[in-house]
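What follows is a short walk through one protein structure, one region at a time. Keep the sequence and the model side by side while reading.

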Amino acid sequence: MSKKRIVVIGGTAAGPKAAARAKRLDQSAEVTLLQKAPELSMASCGYPYYVAGSVGQRDMLLATPAGVVRDPAFFAGAKGVAALVGTEVTAIDRAARTVAWKRAATGETGHLPYDKLILTTGSVPKVPPIPGRELAGVTTLSSLADADGLRAIAAASKGGQAVIVGGGLIGMETCEALVAAGMAVTVVEALPHILSFLDPELALLVEKHARAKGATIVTGVGISGILGQDGKVTGVRLADGRELPCSLVVMAIGVAPNVALAKAAGLTIGATGGIAVDVHMRTSDPDIYAAGDCVEVQNRLTGKPMLAPYGDLANLEGRVAGENAVLGDKATFPGTIGSGICKVFDFAAASTGLSERRAKEAGFEVVTAVNASPDIPGFMGAKPIVSKIVAEAGTGRILGFACVGAGNVNRQAAEMAMAILGGLTVDAVAMADLPYAPPYSLAIDHAIATAHIVQNKMRGLMQGQSSVAVKARLDAGETPFLLDVRGPKEFEEMRLGLGETLLPLGQLRKRLGELPADKNTPIVTYCKVSMRGYEAESVLEAAGYTNVTVMEGGLVAWPFGLEK
């Protein structure tokens, strides 16, 4: 029996994983990996940290945990895979089952036959057709070459001005990198707030933190052009006419699937623009698989196709494609719930599942809650985190969770990702048995406490609103009685400054006469994180007040200005 010939196109994440998996499961297979770039298996999610200098050596982005650089010699020796770098695939002949390739350095061309082909062609950065995009000083951060160039510019531009177009994951991570390099950075985001995978309650907290670290954040407006002189960038013009001077523009408005080869070969392209694949990662051609940023996958909560250009998913998809290419279609990739995390200065921002906005767009009726608390006990060096949970109103099934702050955000998001994948309800998570010790968690873990809050709301034991919802009421001209139930010292140190009344919780029962006489008066109670605010609501309702709302997350979750 002849050896099976497996050809993989693309060498960043999904491709190397697919090639290694295929060879591991069929040592007799001839596995060839073709990569246009000169490097292989790049840790592309580490590019912003390389730009900032926190990743000191370039090879660290290309190395195994043991420090071995994953170059063609490594793939040949350790993996048994023939990896050809600097080799671009220019066409796929499905009838002949061959791929045409070209080496840019030498001009050499050739054809390579395959029995099974795996496409992992990744993504390309979105660059809108705006005037000036060709100027020197305009760049993206989608390749190691981009990262090399941006690192050099940042090192030579201390004190200079940079504009980042796009406030998503890469945009905000690049913002931190350039601020660390000593540049004055402005992030321009056309949407109402940065990090669109978050709802406003949490995204505005990250914006507030980034501003406190020296970044300028401009939201709700895009750019109309890039200004230049003598072929170099001198600034950007916003859609509202404002001009921002700068010598560097980083385009970070997202990526699009790189489907040029697949489209030219006649493979089916999905509604989202990615290559259409089934659960086996097989394309419309039974001899061709695809994985990574170039494909569309199913959202496990909505059942609809989506793009999910994340390195972890690329590896999982590549693993499935590589296995099925040699063993037949047995392995499956069930889709994604859309988990992600990024670092923004001293904050982390993580989410899993659906935000409230996306859940409603998908047709779900939801109930939500915001929670603010430390990640671990104060005597162990606690750091604050703020989270939001999204649950299906009728069933209590958890649909989404997001968490931001200086504390251990990743643990909370990982816990809730598994809850969502398991189809767990709020009631189930409210009694989750998780490992506990003071260095690692609160006695009632933050994620469980968040479930408790939404559980209380669903049972009618608590009426709550987020700080953003309370602010919207005030901006609309409503005048609820704002009741701060913290202590006097806390009040002196920090307060809303919006005409609130201070009545410490310990004195509340004795001082009910200081509240509005009309017990139908709208009252908003809160404290630092609103645990005392919830207690106050219970006291007031027992005293006959009928319109009491807790401001969820308290002052810690208030993303607007405070009076100090």
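The model shown here is predicted. Two packed helices are described by the angle between their axes and the distance between the axes. For helix 1 (residues 14-25) and helix 8 (residues 311-327), the axes come within 7 Å and cross at roughly 35 degrees. The crossing of these two helices is right-handed. On the side of helix 1, the residues that meet helix 8 are Ala14, Lys17, Ala18, Arg21, Ala22 and Leu25. Their counterparts in helix 8 are Ala314, Asn315, Gly318, Arg319, Gly322, Glu323, Val326 and Leu327. Sorted by kind, the residues of this contact comprise seven nonpolar, three polar and four charged. An α-helix has 3.6 residues a turn, so residues three or four places apart point the same way.

Val165 belongs to strand 10 (residues 161-165). Is Val165 buried or exposed? Its relative accessible area is 7%, and because buried means under 20%, Val165 counts as buried. Leaving aside residues up to four places away in sequence, Val165 touches Val188, Ile223, Val249, Val250, Met251, Ala252 and Ile253. Gly222 lies 57 residues from Val165 in sequence, yet the C-alpha atoms of the two are 8.0 Å apart in space.

Helix 5 covers residues 169-180. At 1.5 Å a residue, its 12 residues should span 16 Å, and the end C-alpha atoms are 17 Å apart, which agrees. Nine of the 12 residues are buried, so helix 5 is largely enclosed by the rest of the structure. Those buried residues are Gly171, Met172, Glu173, Thr174, Cys175, Glu176, Ala177, Leu178 and Val179. Just after helix 5, Gly182 has a positive phi of about 95 degrees.

The last region is a sheet. Strands of a sheet pair through backbone hydrogen bonds, either parallel or antiparallel. Here five strands make an open sheet in the order 22-23-26-25-24, with antiparallel pairing. Strand 22 (340-344) and strand 24 (366-374) are at the edges with a single partner strand each, so one side of each has no neighbour in the sheet. On average, and ignoring direction, neighbouring strands are turned by 10 degrees against each other. Strand 25 (residues 384-392) and strand 26 (residues 398-405) are joined by seven bridges; Ile389 has Phe401 of strand 26 as its bridge partner. Helix 10 (residues 409-421) lies across strand 22, strand 23 (347-353), strand 25 and strand 26, and runs at about 175 degrees to strand 26.

How values were computed: Residues numbered from 1 in each chain as written. Predicted model: local features only at pLDDT ≥ 70, side-chain atom pairs only at ≥ 80, totals over all residues. Heavy atoms only, no water. Helix = DSSP H or I, 4+ residues; strand = E, 2+ residues; numbered from the N terminus. Expected span 1.5 Å × (residues − 1). Buried < 20%, exposed > 50% of the residue type's maximum accessible area, 1.4 Å probe, protein only. Axes fitted to C-alpha atoms, helices over the stretch in contact; angles between N-to-C directions. Left-handed = near helix turned anticlockwise from the far one by under 90°. Contact = heavy atoms within 4.5 Å. Nonpolar A, V, L, I, M, F, W, Y, C, P; charged D, E, K, R; others polar. Pairing = 2+ DSSP bridges.
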